[in-house]
Structures are given as C-alpha cells and as structure tokens.
Amino acid sequence: MLEDRYGRRFSYLRLSITDVCNFRCHYCLPDGYQCESSRDFLSLPEIKTTVAAFSQLGTKKVRITGGEPSLRKDLPQIIETVANTTGIEQVAITTNGYKLPQQIQSWIDAGLTSLNVSVDSLDPRLFESITGHDKLDTILQGIEIANKAGLPVKVNSVLMDQVKGEGFQRFLDWIKHKSISVRFIELMQTGDNLSLFNVQHQSGQSLKDKLLSQGWTRVLKESTAGPAQEFQHPDYLGKIGLIMPYSKGFCESCNRLRISSLGQLHLCLFAEKGLDLRPFMRSEDVAGLQTELKRLLQDKASGHWLDQGITGATKHLAMIGG
Ligand code: SAM
Ligand code: SF4
C-alpha cells in the first residue's frame, strides 16, 4: 500500500490524459486553451503501465481527467485499459460533457463505473457566460442518459455567485426526483485567476449552515471517496456535496495522487512541481515506477498553503486535472 510519512494511504489515482480543453471556464481557462507545453500525452501502453504500477500498490479507484478528457479519440480504449487492470474497482471520469449524449454509451461499454460532469449553472445564459459555450441542454441530456443507464452521476459546480438566490434553488429542484449528487466546490486560487478569486471566492460554510437548517444531514463516506462532505434529505432523491479545500484539516484525509498528461507525478494539486515518471512509463517498467513512486511519496507535504495564497506551480487546474 502507498503510504506517506504522515500515515496517509493512497488508494485513488487522478490520471490526466490531456491538458487541452475546448471550454473557456472563466476561473480556469478564460482565454481558452493556450498550447504551453508539449502535446506528447501519455499513450495507451504508458497508461497501462502506470495504472498497473499503482494498482499493485493498492490503488482501487482511477479518475480520468484533463483538460477535457473526451477530446481524446482513444478515450473508450483508455477507459477499457484502466477497467481491465487487476485490482481497479472503480473507473470514473470528470468531463465538461460537451458531447455526452453521443459518447456516454461507449464509455459505459468500456467499463466506466461513475461520471462527474461540470455544470456551473442550470441557467443556460449564465452557463454560457461562465464556460463560453451554449451547451447546457446537450450536457443535461447526456446526464439524463447516464442516469437512466444506472451510472452513478455527480455534478461539479464551482461555488460562485451563480448559486446565490435562485441558482441554488434550481439545483435543489433539479435533484428532487433524480439520483444525482451536486457538489459545490469552493473556488480555488491558481496562478492565473487571482483577480477573479479575490472577487468570487466564498466559503462553503454558509451553504452548509443553510442545508443543515433545512433538514439535510451528513452521509458517511467510503475510504476511496473524494473530499466532499455529502448531505441527504428525505424529500430529495439526489444529494448535495460540499468540497471545502480552505477548511481546517482538509488535507488530513488526503487519499489521492495525481499523474499529469505528460507523465509527471503531482503529490498535491498545488505542489511546487511535477516529478518526472515518464521514463519508467515509456519503457513499461512497472517495478521501476513503483520504486520511484514510493521514494517520491515520502516528500509529500502535510498540506497545501492555499490559505496563504501559495498555489505552487499550478497556473490553472486544466494543467493537472482539478
Ligand atoms: N474539463 C473537465 C471538467 O471541467 O469537468 C475536467 C477538468 S476540470 C480542471 C476538473 C474540475 O475542476 C471541474 O469540475 C472544474 O469545475 C474544477 N475547477 C477548475 N478550476 C477550478 C478552480 N480554480 N477552483 C475550483 N474548481 C475548479
Ligand atoms: Fe476546460 Fe474543465 Fe477548465 Fe472548464 S474547468 S476550462 S471544462 S478544463
């Protein structure tokens, strides 16, 4: 099992397969994708080697992310490769869902076990103003198809002004009869978004207080679960989650490691730098990769310093996958 010097165990890998994205979410890539590094993204054999190495060290869940992972034409094969790796029990994806209705069945057929779709607003105009794309209806259709097929669906929404007033109520109405978990993520500062962060960042605490006062109660979580605090209500089929990276003790239960689309290990979303594992991936050296991984893991810091405005090398989350 992968364990760091603080006794934290890592059973969850977030694997970025591209840093390219077609959206322009204004907290992430407001000017759209700018090609800042090589586009020599991990190949299928390299992904196979990586996931084999992690799974033999106790990884049970892999989340495929990006950039926008669905821009890769070989995504079904990537999902299949991860799903067929011995020891991997859950294969999830985080996507903007811009082509979800056409793509979702092939992902399910390939072995996908859960889906996260980013939907920052249920108001089509607001959605378009945040992402730069008039795609809300298509994305919601795709979510409906996934939900009907029985795939667990979570919706990520970055906590900004869009949930003030009517915005939050729209989400509540939407999940009343749908088994979907909507997770509000506190806006995180990155190298590129300081001015937006200064205006838009808000703590999830007031939303949490509101939920508790309206009869929502905390749900207990599994060991491979993410950092969301989840809430349920007897009148709602869906759930609400809150991800509050600025809250005290957030990093104490960290259970995930990240691999970038160029094969670098990121010990934290806000680490100072990525650590190169690509040579082991290229030469399909599972044992070598494991030895290096265990060594590097001992340098994982106890937590991030986001509260002090220290964002490490992370200019935006499309770089490593959020
Ligand atoms: N393109 C895919 C998507 O948007 O779902 C996957 C990559 S995206 C970087 C992963 C998640 O990070 C999305 O849910 C996005 O909303 C979230 N995200 C991006 N930048 C963020 C920020 N500065 N603070 C909080 N969440 C952010
Ligand atoms: Fe693209 Fe996702 Fe970033 Fe939006 S949050 S710009 S969809 S990578």
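I call a crossing right-handed if the near helix is turned clockwise from the far one by less than a right angle. I needed that for the first entry. The model I am reading is predicted.

**Entry 1: helix 1 and helix 2**

I looked up how helix 1, residues 44-56, passes helix 2, residues 75-83. The crossing is right-handed. The two axes come within 9 Å and cross at roughly 25 degrees. Angles under 35 degrees count as roughly parallel, so I noted helix 1 and helix 2 as roughly parallel to each other.

Next I listed who meets whom. Helix 1 brings L44, I47, K48 and V51. Helix 2 answers with Q77, I78, T81 and V82. By class, I have five nonpolar, two polar and one charged residues in this contact.

**Entry 2: R282**

I then went to R282, which sits in helix 9, residues 278-282. Is R282 buried or exposed? Its relative accessibility is 51%. The cut-off for exposed is over 50%, so R282 counts as exposed.

I checked its contacts, leaving out residues up to four places away in sequence. R282 touches D40 and E46. I also took a C-alpha distance. R282 and G263 are 19 residues apart along the chain, and their C-alpha atoms are separated by 9.4 Å.

**Entry 3: ligand 2**

Which residues are around ligand 2? I found C21, F23, C25, Y27, C28 and L29, together with G67, N96 and A318. I sorted this shell by class. Seven residues are nonpolar and two are polar. I found no charged residues in the shell around ligand 2.

Technical notes:
Residues are numbered from 1 along each chain as its sequence is written. Chains are lettered from A and ligands numbered from 1 in the order in which they are written. This is a predicted model: local features need pLDDT of at least 70, side-chain atom pairs count only at pLDDT 80 or more; totals for chains, interfaces and linings use all residues. Side-chain values use heavy atoms; hydrogens and water are left out. A residue is near a molecule or strand if one of its heavy atoms lies within 4 Å of it. Ala, Val, Leu, Ile, Met, Phe, Trp, Tyr, Cys and Pro count as nonpolar, Asp, Glu, Lys and Arg as charged, and the others, Gly among them, as polar. Axes are lines fitted to C-alpha atoms, for helices over the stretch in contact, and angles run from 0 to 180 degrees between N-to-C directions. Helices (H or I, at least four residues) and strands (E, at least two) are DSSP runs, numbered from the N terminus. Angles under 35 degrees count as roughly parallel, over 145 as roughly antiparallel, 65 to 115 as roughly perpendicular and the rest as oblique. Contact means heavy atoms within 4.5 Å. Buried means under 20% relative accessible area, exposed over 50%, partly exposed in between (1.4 Å probe, protein chains only).
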